[in-house]
Structures are given as C-alpha cells and as structure tokens.
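Work through each task before reading its solution.

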Amino acid sequence: MKGRFAAIYVTFFTLMSVLMCVFILRSGSAEVVPQYTTEINRLLISIGEDWDELSAGSGTLGESGEEFDYAVIDSESRLLYYTSEGVSTTVSAATSHYDIIRDIESGGEVVGKLIVHNPYAERKRADDCRNAAMIGGMAALMLVVSGAYFLFLRKRVVEPFGRLKGFAERVAAGDLDTPLEMDRGNIFGAFTESFDIMREELKASRRREEAAVKSRKELIAELSHDIRTPVSSIKAMTDYLTLVSEDEAQRETLSAINGKADQIDKLVSNMFHAALEELEQLEVDPDELSSRELERIIAESDPLKKLAKADIRDCVIFADRLRLEQVVGNIIANSYKYADTEITASSRFEDGFFVVEFADRGGGVPDDELDVITKKFRRGSNAAGKDGSGIGLYISKYLMEQMGGELACFNNGEGFTVALRLKLV
C-alpha cells in the first residue's frame, strides 16, 4: 500500500510538471506583439495635419484614441504629447525599449518624431509573474500533498507500529487482558489480528496453568487434612493402649508406633505448610446442611473424646461440609494442643445466624493477642515450644467468610472460646 501511494504521488507531480512546462512554452511562443502599421500611418497623417496646434503644447498628457500608447516630440527632442506615464519620451529611451520611431512630416518637412510604445516588456513581466505564480503554486501544492502524505503515513504506519510495540511490551510484562485495538483495514490489519490471537492463546494457557497449580494446591491441602485425621486417631489409640497395657515390650512397640505417627504428622504438616501461601484459592461450595451433620462432624473431629458436652440445636444451615470439617477439626486440634482440657460445644440463634461456640478451660490467650492469632503465620505467646504453623485459625476464618459466616475468638474467664456464626437457611 505504501508503494502504491508513492507511485501515485510521483506520477501526479510528474504529469503536473510536464503540463506546466508545456503551458509555459506554448504561451511564450504565442506572444506576438501587434504592429499596428495601418493605425500608425493614419495617426502620423492626423498629427501632421494638426502639427501647428500640437506643437504649441508642452508635455501634455492626454488619452490615446488608439489601441496603443505613444509620445510625440519635436525636432528638438522636446516632449509635446504622451498618452501614458510608461512610454518612452526620448529617442534613446525608445531605442533601448525597442519602441517604434516614425518621422512626423508637415508641409513636406520632418517636424518631429512619433514614438509608439512597445508593450513587450510589460507582457514579459506579466508572463514572468504568471510563471512564478504557477511554480510557487506547484511548490505549495507539493508541500501540502507531501505534508498530507506524511500525516497519512504517520497515522496509518508509524502510530500503528507504535501501538504494536506498546502491545508487545505489555504482553511481555504479563498484561494479557488488554486487547490490541486496531482497524482490520489498517496496513497492519492481518498482523494485528495474529498478535491478538496470540494474546488470547497466551491468556488461555495461563488460565490452564493457574487452574492446574490451584488444583495441585487444593489436592495437597485436602490430602493433608484427610491424612492428619486418621493419624490423630492412631495417636489417640496408641496413647490409650499404652496406658492400659502392662506388657513392657508391647508398650515399647506402641511408643514406636506413636513416634512414627508423630513423624508422619510433622511431614504432613510440612507439606501442608508449603501449600499455605495460596491456599485462599480453595473452592468453597456452600449448600443447605442439617445441624445434625454438624453434630456428626464435631464427634468425628474429637478422637480423644475431650468434648464433654455438645448442645447442637436442630436447624438447617448454609455451609460446605468438607470445609466445615476443616474448620471444626482445626478448632478441636488447637484445643488439644494448647489447652488439653475438656471442651464444651453450645449453640444459639442470633440475628439470622446459627452460632456454635467451642470453649475450653486452658487459661486462654492474652487479650492483646486475640486479634493476632487469626492472621497468617501468627501464634499466641502460649504456643511457645509447641509444634504448629500459625495457620489453622487463619484458614478457618477464611473458610467461614467464604461460606457467608464469621469466626470470632475471645477469652471466657477460664479458657479460650471460638465462636462460629453460620448462616441459617
């Protein structure tokens, strides 16, 4: 397209230049100064007849009754009459201007000279002005067209190329959401469309990659939760068997099993910790759930049977069973770890929510740390010397919020309480 416009540009101005040259040449060759021979002869006769009257004047400016201008001088070169300011008034001036000089006769004698003005100089000057105007107009037209062509190239080539460059820089920086806006009829139209298709493919590829990463992290989190629950049960049973067993060899075996269970629990905790940074991507799919299910979840999450009382009223709540298992499991596991006392679970209805409170008698945490312990990787001062990642309450609070509920922590005078606010259906 650029080459085509350049060819049109060159062809147009070449044709204009040729036409202008032909016009100048033809107009110059056609300029023939009229001779006015008959008119001049008639004027000479008329002047000769009126010479006595005419010679009495001195430098009179009058009107010409002819198609040409002239001047009359006597034999002593004295100007008697002239019809225009531009005519020659002496023989020498007339000679230099190529004017016509004729003798004026009166009574058979030459009494003066008739100088007929030659308009060639004026016409030549007019032709020169016209030619200069044509050349100037041609130059101005070339300048205007060149400027318009430059603006066209800037609009259709330079600016689109700049947008392509900026688009490539944005894609390289990771911005795959902003499309490349450009008319398909542009010089880069097809190229632009290919670039935008590439952006869409890169964006789709990134989505697939993020989905795969998210899926792996969810799998790690879910496996960690599922593995830790039976490991806790194994530890609880080995602790019980160790207490009731009287055989020393059996007790040593149970102790080894308990140690291996601790090792498994630590490994799973490490694996879980590695996936925590982006664990907020876990999908939460809440639905209608009976409070009887919540009661079963609480019972399944208490392998050490420290839950002395669980008063759960009948209702229908809005929750994700799997995520609710994680929340309740984290709360009870924290009570085991930090309080190691009996746990009570009570429930009540409050402003469209079903509130379940888990309370222990382990002394609680300092009041100034209540807002800290639900943040990522933050633990209370009572956790010193005990294993943990400082993430259980943080994840539990996040999951509760995703289910449309809340998680709150406070001291109850004797120990620590975690309150779950679940939406009622």
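**Exercise 1.** In this predicted model, E406 and R421 form a salt bridge, with 3.3 Å between the closest N and O atoms. Find which strands the two residues belong to.

Solution. Step 1: E406 is in strand 11, which covers residues 406-411. Step 2: R421 is in strand 12.

**Exercise 2.** Classify E406 and R421 as buried, partly exposed or exposed.

Solution. Step 1: E406 has a relative accessible area of 43%. Buried means under 20% and exposed means over 50%, so E406 is partly exposed. Step 2: R421 has a relative accessible area of 17%. The limit for buried is under 20%, so R421 is buried.

**Exercise 3.** R421 also meets E350 in a salt bridge. Work out which parts of the chain this pair ties together.

Solution. Step 1: the N to O distance is 2.5 Å. Step 2: R421 lies in strand 12 (residues 416-424) and E350 in strand 9 (residues 343-350), so the pair joins parts that are 71 residues apart in sequence. Step 3: E350 has 27% relative accessibility and therefore counts as partly exposed.

**Exercise 4.** D74 and R78 form a salt bridge. State whether each residue is buried or partly exposed.

Solution. Step 1: the closest N and O atoms of D74 and R78 are 3.1 Å apart. Step 2: D74, at 9% relative accessibility, counts as buried. Step 3: R78, at 35%, counts as partly exposed.

Definitions and conventions
Residues numbered from 1 in each chain as written. Predicted model: local features only at pLDDT ≥ 70, side-chain atom pairs only at ≥ 80, totals over all residues. Heavy atoms only, no water. Salt bridge = Lys/Arg side-chain N within 4 Å of Asp/Glu carboxyl O. Buried < 20%, exposed > 50% of the residue type's maximum accessible area, 1.4 Å probe, protein only. Helix = DSSP H or I, 4+ residues; strand = E, 2+ residues; numbered from the N terminus.
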